[in-house]
Amino acid sequence: FLSILIAIAVYHTGELTGWPEAMSITLAPSLSIGVMVWQKTVHPPAAACAYIFAASARAHAQALGGLVYLIAPGFLGSLYMYAVQQGVHYVANKAYDWNQERLAAEAAVEPQPDTANRKNRATDA
């Protein structure tokens with residue numbers, strides 16, 4: 001999400017200042033990676049999204065100066081990853097709770113003494 005915002009800012013700054021498109025294509029992923037390293041949240045596909053936005057004329061032509069590109073792959077992708085993470089977390093917690101209940105139930109059942117073997121041993125002697 002943040003790397004696409006950086007790419008949009010770099011692209012529009014390049015349009016305003018008139019620098020070559022190659023500079024925007026170079027700066028967008030570079031600045032995105034730099035900000036991710038600074039935040040300690042490096043995610044290579046996010047830098048790829050910044051590069052794709054900077055290099056794609058179709059992304060520039062989208063509504064609101066490319067903000068639709070920010071919403072479609074960036075924000076919706078983040079929501080999808082969050083939903084998957086929450087689902088995995090829920091299933092893992094349920095499995096852990098089930099295992100703890102099973103272990104507690106097994107510990108609560110005391111083994112019955114084997115009286116038949118004890119009687120047989122007494123009669124054998």
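Visitor: At what angle do helix 1 and helix 2 pack?
Guide: Helix 1 spans residues 2-17 and helix 2 spans residues 21-39. Helices are DSSP runs numbered from the N terminus (H or I, at least four residues; strands are E, at least two). Axes are lines fitted to C-alpha atoms over the stretch in contact, and angles run from 0 to 180 degrees between N-to-C directions. With the axes 9 Å apart, the packing angle is about 145°.

Visitor: What pLDDT do local features need?
Guide: Residues are numbered from 1 along each chain as its sequence is written, and side-chain values use heavy atoms, with hydrogens and water left out. This is a predicted model: totals for chains, interfaces and linings use all residues, side-chain atom pairs count only at pLDDT 80 or more, and local features need pLDDT of at least 70.

Visitor: Is the crossing of helix 1 and helix 2 left-handed or right-handed?
Guide: Look at how the near helix is turned from the far one, by less than a right angle: anticlockwise is left-handed, clockwise is right-handed. The crossing of helix 1 and helix 2 is right-handed.

Visitor: Which residues of helix 2 make the contact with helix 1?
Guide: Contact means heavy atoms within 4.5 Å. Helix 1 brings Leu2, Ser3, Ile6, Ala7, Val10, Tyr11 and Gly14. Helix 2 answers with Ser24, Leu27, Ala28, Leu31, Ser32, Val35 and Gln39.

Visitor: Why does Ser24 count as buried?
Guide: Ser24 sits in helix 2. Leaving out residues up to four places away in sequence, Ser24 touches Val10, Tyr11, Gly14, Trp19, Pro29 and Ala54. Buried means under 20% relative accessible area, exposed over 50%, and partly exposed in between (1.4 Å probe, protein chains only). Ser24 is buried because its relative accessible area is 4%.

Visitor: What volume does the largest pocket have?
Guide: A pocket is an open set of points on a 1 Å grid over the protein atoms alone, where a 1.4 Å probe fits, with protein on both sides within 12 Å along at least five of seven lines; lining residues have an atom within 4 Å of a point. Points are joined across faces, edges and corners, and the volume is the space filled by probe spheres set on them. For the largest pocket that gives about 330 Å³.

Visitor: Which element gives the most to the lining of the largest pocket?
Guide: The lining has 19 residues, with Phe1, Ser3, His43, Ala46 and Ser78 nearest the centre. Helix 1, helix 2, helix 3 (44-55) and helix 5 (67-108) each give two or more. The top contributor, with 5 residues, is helix 5.
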